[in-house]
Amino acid sequence: MKKLSLAVIIAFITSCLLVSCGGSSSQDASNSEKSSVSKSGSDTSEDTDDEYSEGEDDDDDDDDWDSDGEDDSYSNSCCKIDSNSELFEQPIENESDQEIYDLLQQYAGDGYDNTWNIGSARKLQGKTYVLELWLTEQGTLWNKQEMGRIQYEIDRALEWLKSVAKRYGKTLSFELGSFHGDGQGVVMKSIPHSYEDYEKHPDLILEALQVIGYTGVEQCYNQLKKMGDGFDNVLCLVLLNHEGRSYANSFSRGHVGYYETQFLEGVVIFKSYGQEGLSTANVFAHEILHTFGAWDMYGDAQSGKSQEAEQFANQYYPTEIMGRGADAPFDQIQISPLTAWLTGLSDEYDEWYWYFMSNYEQQ
Ligand SMILES: [Zn+2]
């Protein structure tokens, strides 16, 4: 579970510069008859009351984790990709937040983590359209029973995210559209068979969108964003019927010049990982939070975070979904103030956020 490093993207993305970003009309996901994989419980775009129920512990007894619940009204003023410059404006409500974030990012190294409030998934609030893409290759079709079980985990993750937002006084809703071919997967020429294999497929989301009828990520984003009463966020959920380590494609300010392929943020989830069985709600929740700007809070080479930072997280936030808490039972996972701040749920900045900078030790 990690974010794909910017270096990897840049290394394999040169050809993407040639991709046209035209706006010709195409198939609209909202009209697709293919949107029928069990949408139970997540088609809640009209549910402004955002009731939180079933299953999860709402953790009211754990004040250390909660914000003050202040309810900032939220409006997303940036809607369309009309020019490059607009892409990199970060609509903000609190300029001091931006300054602090910019300062943090000066020490972030390669801009890998500079995903705050940009891309197609910005703040974890408002109406969010989730486009599911169940991908496969000829000869390795999806098993419908497994699809159903994974859809159940997706729905659990989305309900959990709604409950998290609600705890911070924010309204979050999801609407799902699903492309799954004839129920056995959208057949692609080739898809990654492992995390490492992704290097051969840096434009996987774009390629999948083209197979289902879109011309590019810009056209897809603009179409989905204005459906109905409009959406604040759009994100792709790519599902692969192979075993591997899942990851998120977060748009970063380091992606200047690559918006044609990378602006539409998404998560790429393998059917299973090692001996752990089918991917769980924990995996979906973790990776989706990356697209809204959350950082990893565990230390290893891939996360770029130090062991000291991980020890801090384990001590104070042992069930943090972006840290080792990703392995905790789903009804126990929570987010720390850092993740709340990064995903726009909270304005509370704290000095300890610096522990999670990639090269904090060099300060
Ligand atoms: Zn991660």
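Helix 8 is mostly covered, with eleven of its eleven residues buried. Buried here means that 20 or more other C-beta atoms lie within 10 Å of the residue's own; 12 or fewer is exposed, in between is partly exposed, and C-beta atoms are placed from the backbone. Helices (H or I, at least four residues) and strands (E, at least two) are DSSP runs, numbered from the N terminus.

Before going on, two remarks on the source. This is a predicted model: local features need pLDDT of at least 70, side-chain atom pairs count only at pLDDT 80 or more, and totals for chains, interfaces and linings use all residues. Residues are numbered from 1 along each chain as its sequence is written.

Back to helix 8. Its buried residues include Asn 282, His 286, Glu 287, His 290 and Thr 291, along with Val 283 and Leu 289. Just after helix 8, Gly 293 has a positive phi of about 110 degrees.

How do the axes of helix 4 and helix 8 cross? They come within 8 Å, at roughly 50 degrees, with helix 8 covering residues 281-291. Axes are lines fitted to C-alpha atoms, for helices over the stretch in contact, and angles run from 0 to 180 degrees between N-to-C directions. Helix 4 and helix 8 are therefore oblique to each other. The classes are under 35 degrees for roughly parallel, over 145 for roughly antiparallel, 65 to 115 for roughly perpendicular, and oblique for the rest. The crossing of the two is right-handed, a term used when the near helix is turned clockwise from the far one by less than a right angle, with anticlockwise being left-handed.

Which residues make the contact? From helix 4 they are Glu 153, Ile 154, Arg 156, Ala 157, Trp 160 and Leu 161, and from helix 8 Ala 281, Phe 284, Ala 285 and Ile 288. Contact means that the C-beta atoms of two residues, placed from the backbone, lie within 7 Å. By class, this contact has eight nonpolar, no polar and two charged residues. Ala, Val, Leu, Ile, Met, Phe, Trp, Tyr, Cys and Pro count as nonpolar, Asp, Glu, Lys and Arg as charged, and the others, Gly among them, as polar.

Tyr 152 and Thr 280 are 128 residues apart in sequence, yet 9.0 Å apart in space, C-alpha to C-alpha. Lys 162 is also in helix 4. Is Lys 162 buried or exposed? Lys 162 is buried, because 24 other C-beta atoms lie within 10 Å.

Leu 278 is partly exposed, with 16 other C-beta atoms within 10 Å. Leaving aside neighbours within four places in sequence, Leu 278 is in contact with Glu 146, Arg 149, Ile 150, Lys 271 and Ser 272. The C-alpha atoms of Leu 278 and Arg 149 are separated by 8.2 Å, at 129 residues apart along the chain.

Next, the core. The largest nonpolar core has 83 residues, and those with the most contacts inside it are Leu 133, Leu 161, Leu 237 and Val 238. A nonpolar core is a set of buried Ala, Val, Leu, Ile, Met, Phe, Trp, Tyr and Cys residues joined through C-beta atoms within 7 Å. Beyond four places in sequence, Leu 133 is in contact with residues including Phe 179, Val 186, Ala 208 and Cys 236. Ala 208 is one of the buried residues of helix 5 (residues 204-211).

Finally, the whole protein. There are ten helices and seven strands, and 47% of the 363 residues count as buried. Among contacts between residues at least 6 apart in sequence, 78% join residues at least 24 apart.
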